[in-house]
Amino acid sequence: MNKRHWPFLLGGLLVALLLAGVVSNYASSHPDGLDSSLLKGCTVNADDEITGGSCPAQQAKDHELADSPLADYGVRGIGNDFVSTGLSGVLGVLLTFALGGGLFWLARRRGPATPTASATPTTSADSADEAATPSTGTR
């Protein structure tokens with residue numbers, strides 16, 4: 001990577017960190033329709049607990065990683081929700097950036113590309129014959 005790309009890369013990383021660390025705290029606590037569509041047919045109280053009816057959400061189970069340090073859009077052990085959510089977002093951006101950067105580093109081309117030799121070299125006589133022959137549009 002040449003030196004001209006670094007400011008763009010670092011600027012993008014800074015914007016992603018700002019969005020993940022600060023703006024993510026202002027996101028809706030009910031962001032998508034998946035949860036609401038799974039609750040169709042059930043009655044729900046103010047704490048989003050199912051109190052009656054029949055719906056697909058009743059078969060929901062906790063994820064295997066539900067007790068992991070970064071589960072539920074926060075960092076376990078941090079009492080302040082604003083800091084916990086922001087730190088979780090920042091850690092996610094940094095981990096994603098590191099993983100993506102590592103994969104790109106592994107996949108990048110090593111050294112300059114070597115030109116391949118043509119199967120049939122063109123001579124000046126061949127070029128003159130092609131110039132004199134009218135083209136039919138097909139080869």
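## Hairpin of strands 1 and 2

Aspartate 48 takes a positive phi near 60° in the hairpin of strand 1 and strand 2, which has five residues between the strands. The model is predicted: local features need pLDDT of at least 70, side-chain atom pairs count only at pLDDT 80 or more, and totals for chains, interfaces and linings use all residues. Residues are numbered from 1 along each chain as its sequence is written, and side-chain values use heavy atoms, with hydrogens and water left out.

Strand 1 covers residues 42-44 and strand 2 covers residues 50-53; the two pair in the antiparallel sense over three bridges. Pairing requires that DSSP finds at least two bridges between two strands. Helices (H or I, at least four residues) and strands (E, at least two) are DSSP runs, numbered from the N terminus. Threonine 43 has glycine 52, in strand 2, as its bridge partner.

## Disulfide

The structure holds one disulfide, a term for a pair of cysteine sulfur atoms within 2.5 Å. Cysteine 42 and cysteine 55 form it, with their sulfur atoms 2.1 Å apart. Cysteine 42 lies in strand 1 and cysteine 55 in the loop between strand 2 and helix 3, so the pair ties together parts that are 13 residues apart in sequence. The torsion about the S-S bond of cysteine 42 and cysteine 55 is about -95°, so the disulfide is left-handed.

Are these cysteines buried or exposed? Cysteine 42 is buried, at a relative accessible area of 13%, and cysteine 55 is buried at 5%. Buried means under 20% relative accessible area, exposed over 50%, and partly exposed in between (1.4 Å probe, protein chains only).

## Helix 3

Helix 3 runs over residues 81-107 and has 27 residues. From its first C-alpha to its last it reaches 39 Å, close to the 39 Å expected at 1.5 Å a residue; the expected span is 1.5 Å times one less than the number of residues.

The buried residues of helix 3 are Ser84, Gly86, Ser88 and Val93. They pack against helix 1 (5-21).

Which residues does glycine 86 contact, leaving aside its neighbours within four places in sequence? Glycine 86 is in contact with Ala20, Gly21 and Asn25, where contact means heavy atoms within 4.5 Å. Glycine 86 is found in helix 3 and counts as buried because its relative accessibility is 7%.

Leaving aside neighbours within four places in sequence, serine 84 is in contact with Tyr73, Gly74, Val75 and Ile78.

## Aromatic pair

A pair of aromatic rings is described by the distance of the centres and the angle of the planes. Rings of Phe, Tyr and Trp (its six-membered ring) pair if their centres lie within 6.5 Å; planes under 30 degrees apart count as stacked, over 60 as edge-to-face and the rest as tilted. By this rule the count comes to one aromatic pair. Tyrosine 26 and phenylalanine 82 form this pair, which is edge-to-face, with 6.1 Å centre to centre and 65° between the planes.

Tyrosine 26 lies in the loop between helix 1 and helix 2 (33-38) and phenylalanine 82 in helix 3, so the pair ties together parts that are 56 residues apart in sequence. Tyrosine 26 counts as exposed at 63% relative accessibility, whereas phenylalanine 82 is partly exposed, with a relative accessible area of 38%.

Most residues other than glycine have a negative phi, and most peptide bonds are trans. Aspartate 72 is not a glycine, yet has a positive phi of about 60°. Aspartate 72 is found in the loop between strand 2 and helix 3 and counts as exposed at 75% relative accessibility.

Tyrosine 73 has a positive phi of about 55° and is not a glycine either. Tyrosine 73 is found in the loop between strand 2 and helix 3; at 70% relative accessibility it counts as exposed.
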